[in-house]
Amino acid sequence: MELRSLGRSGLQVPVLSFGAGTFGGAGELFGAWGHVDVAQARSMVDQCLDAGVTLFDTADVYSDGASEEVLGAALRGRRDRVLVSTKAGLPTGRDGELGSSRRHLVAAVESALRRLDTDHVDLFQLHAYDARTSPEEVVDTLDSLVTSGKIRYLGVSNYAGWQLARALGVADARGRERFVAHQVYYSLVGRDYEWDLMPLGLAEGVGALVWSPLAWGRLTGRIRRGAPLPERSRLHATAAAGPPVDTDLLLDVVDVLVDVADEVGRTVPQVALNWLTTRPTVASVIVGARDADQLADNLGAVGWSLDAEHVRRLDAVSHRPAPYPHFPYERQAGFAAVSPPLFPTAG
Ligand SMILES: NC(=O)c1ccc[n+]([C@@H]2O[C@H](COP(=O)([O-])OP(=O)(O)OC[C@H]3O[C@@H](n4cnc5c(N)ncnc54)[C@H](OP(=O)(O)O)[C@@H]3O)[C@@H](O)[C@H]2O)c1
């Protein structure tokens, strides 16, 4: 498995990681994702380790802590061989606390360590931007958790560009630990990440961990033009909670994915995941799976390369017009001369 630096940090991460969102299965949202128990989770961890996938992502909010508990139990006896990533900041329903206050973050990290049955997490991410807590309080708190050895590296998730840029500036000005990872939604039907966050990641040395790389389970080849939604899909119950996806775009992208998959002798999820690994800043693509078969399929997404023509076709079909203030850079030579777009041939 290819290893990549996580942003400008010294941490090497596998280009595919595993997301434990299907572990636990508690509550309406995560119950629809899957019900992987400890025994199944142990065997899925075995599958990952055999393939070289050594980074496991979870969050306190997944199944209200049960995902962390199942992951911790599944990793027992091999904790020193893996990297554990978790997140906090969204409401969990356990204590009514949320956000990035010192009080909550210290308590959230202690609780996560207990549920994960470990003494440190390798990567801790703020799950969402907290507009009520000052960036000074946030970076000071996280810095102290790194210094005390409970966290190795810091990241954020779902931040706007200005929020992350400000947080990095405040950390630098105070001599605190920097954020080296941004856990972002990015897929062939959701390329918003490329406008602001990817250039910010390049400029500031912040690596991307990609969440929902199959667009909340849509880019699997099971959703096709004229085909009904498969019976077993989280989309029946939870589509509205996930990324908004334009149906025409999805069907157009799936048509090209099916053609490319046929031409290269791979599956649709493998091609969709592999395309993400070709993009700048992407350190690791977090694959999700509700069972061993889906996981085995997704683990076959790496170890081979799409050729330039296949990438060009996927870029072209998935391209959407640039929003302001990005469109002049794409359309006008004067703007492009001072600031060339990252993907000038797309469209
Ligand atoms: N930071 C955040 O805000 C955030 C948000 C979401 C996720 N995440 C992280 O990202 C991880 C992955 O997210 P995700 O589960 O939404 O990813 P995804 O790749 O978009 O969707 C995974 C789902 O697609 C279906 N699927 C996956 N592989 C398949 C295959 N080979 N064939 C057919 N169907 C397949 C399964 O759902 P069905 O069986 O239901 O179709 C599976 O649960 C999560 O576990 C979590 O760690 C983070």
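The dialogue below treats the cavities, then a pocket.

Reply: This is a predicted model, in which local features need pLDDT of at least 70, side-chain atom pairs count only at pLDDT 80 or more, and totals for chains, interfaces and linings use all residues. Residues are numbered from 1 along each chain as its sequence is written, and side-chain values use heavy atoms, without hydrogens and water.

Me: How many cavities of 30 Å³ or more does a search of the whole structure find?

Reply: On a 1 Å grid over the protein atoms alone, a cavity is a set of points where a 1.4 Å probe fits but cannot get out, a pocket is an open set with protein on both sides within 12 Å along at least five of seven lines, and lining residues have an atom within 4 Å of a point. Here the search finds two such cavities.

Me: Which residues are closest to the centre of the largest cavity?

Reply: They are Tyr129, Pro135, Val138, Tyr159 and Ala167, out of 15 lining residues. The space in this cavity is about 110 Å³, where a volume is the space filled by probe spheres set on grid points joined across faces, edges and corners.

Me: Which residues line the second largest cavity?

Reply: Leu164, His182, Tyr193, Leu197, Gly201, Val206, Gly207 and Ala208 form its lining, around about 40 Å³ of space.

Me: What is the volume of the second largest pocket?

Reply: That pocket has a volume of about 340 Å³. Of its 16 lining residues, Trp195, Pro199, His326, Pro341 and Leu342 are the closest to its centre.
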